[in-house]
Amino acid sequence: KQISQIVKGYTYSENDLAEYQGQFLSFDHHSSFNKHSCSSALEEINPRIQQARAVLKEADVLFISLGSAWVWERIQNKQIVNNCHKFPLSEFNKKLLSYEEVEDSLNRIMSTLNEFAPQLKVVFTISPVRHWRHGAVDNMHSKSVLHAAIQSVVKNSAKAYYFPSYEIM
């Protein structure tokens, strides 16, 4: 989602933010973007998208490190979030993405980037950080889903590569 929004030059508005415990925040962004006013949050988020867009347009290589196939889906609108911002867990469903969902998402990323920056090569990695909160078996299941999807994308795209950071660690 973030790559698509960067490529499109998406502009966040008040409708994209939530207010929680006196902070305005985006479920798509890190908590460092949280601010005490809506306008302040948007003044942090929107210029960064434009900056990222300009850098991405000229880049030769983009590294994308995937951490987990486990996601949190907001019950209110069925949107997968990048950050729960310590909202009550009762507002989210925990979900393991399927191989097909991950593969489709990575293929969309490659297609979007190929159109936007044809010179760009994408190096995928799997983060070696273990997500123990999901348990050892679920962590390995998640990492295997990511690995299989990445291998499919790399096999089918001349501009996609895999760096074995997970295996090295």
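Which residues lie nearest the centre of the second largest pocket? They are Lys1, Asp16, Phe27, Asp28 and Asn77, among the 16 residues that line this pocket.

## Basis of the model

This is a predicted model: local features need pLDDT of at least 70, side-chain atom pairs count only at pLDDT 80 or more, and totals for chains, interfaces and linings use all residues. Residues are numbered from 1 along each chain as its sequence is written, and side-chain values use heavy atoms, with hydrogens and water left out.

## Overall fold

The protein chain has five helices and eight strands. Helices (H or I, at least four residues) and strands (E, at least two) are DSSP runs, numbered from the N terminus. Along the sequence the pattern reads α-β-β-α-β-β-β-β-α-β-α-β-α.

Along the principal axes, the C-alpha atoms fill a box of roughly 45 × 40 × 25 Å.

## Burial and contacts

Of the 169 residues, 41% count as buried (under 20% relative accessible area, 1.4 Å probe, protein chains only). Among contacts (heavy atoms within 4.5 Å) with a separation of 6 or more, 67% join residues 24 or more positions apart.

Thr125 sits in strand 7 (residues 121-126). Its relative accessibility is 7%, so Thr125 counts as buried. Beyond its neighbours within four places in sequence, Thr125 contacts Phe63, Ile64, Ser65, Leu66, Ile150, Tyr162, Phe163 and Ser165.

## Pockets

A pocket is an open set of points on a 1 Å grid over the protein atoms alone, where a 1.4 Å probe fits, with protein on both sides within 12 Å along at least five of seven lines; lining residues have an atom within 4 Å of a point. A volume is the space filled by probe spheres set on the points, which are joined across faces, edges and corners.

The largest pocket holds about 1300 Å³ of space. Its lining has 35 residues, with Lys1, Val71, Ile80, Asn82 and Ser105 closest to the centre. Helix 3 gives the most to this lining, eight residues. The lining divides into 16 nonpolar, twelve polar and seven charged residues. Here Ala, Val, Leu, Ile, Met, Phe, Trp, Tyr, Cys and Pro count as nonpolar, Asp, Glu, Lys and Arg as charged, and the others, Gly among them, as polar. The second largest pocket has a volume of about 230 Å³. Its lining has seven nonpolar, five polar and four charged residues.

Terms used. Buried means under 20% relative accessible area, exposed over 50%, partly exposed in between (1.4 Å probe, protein chains only).
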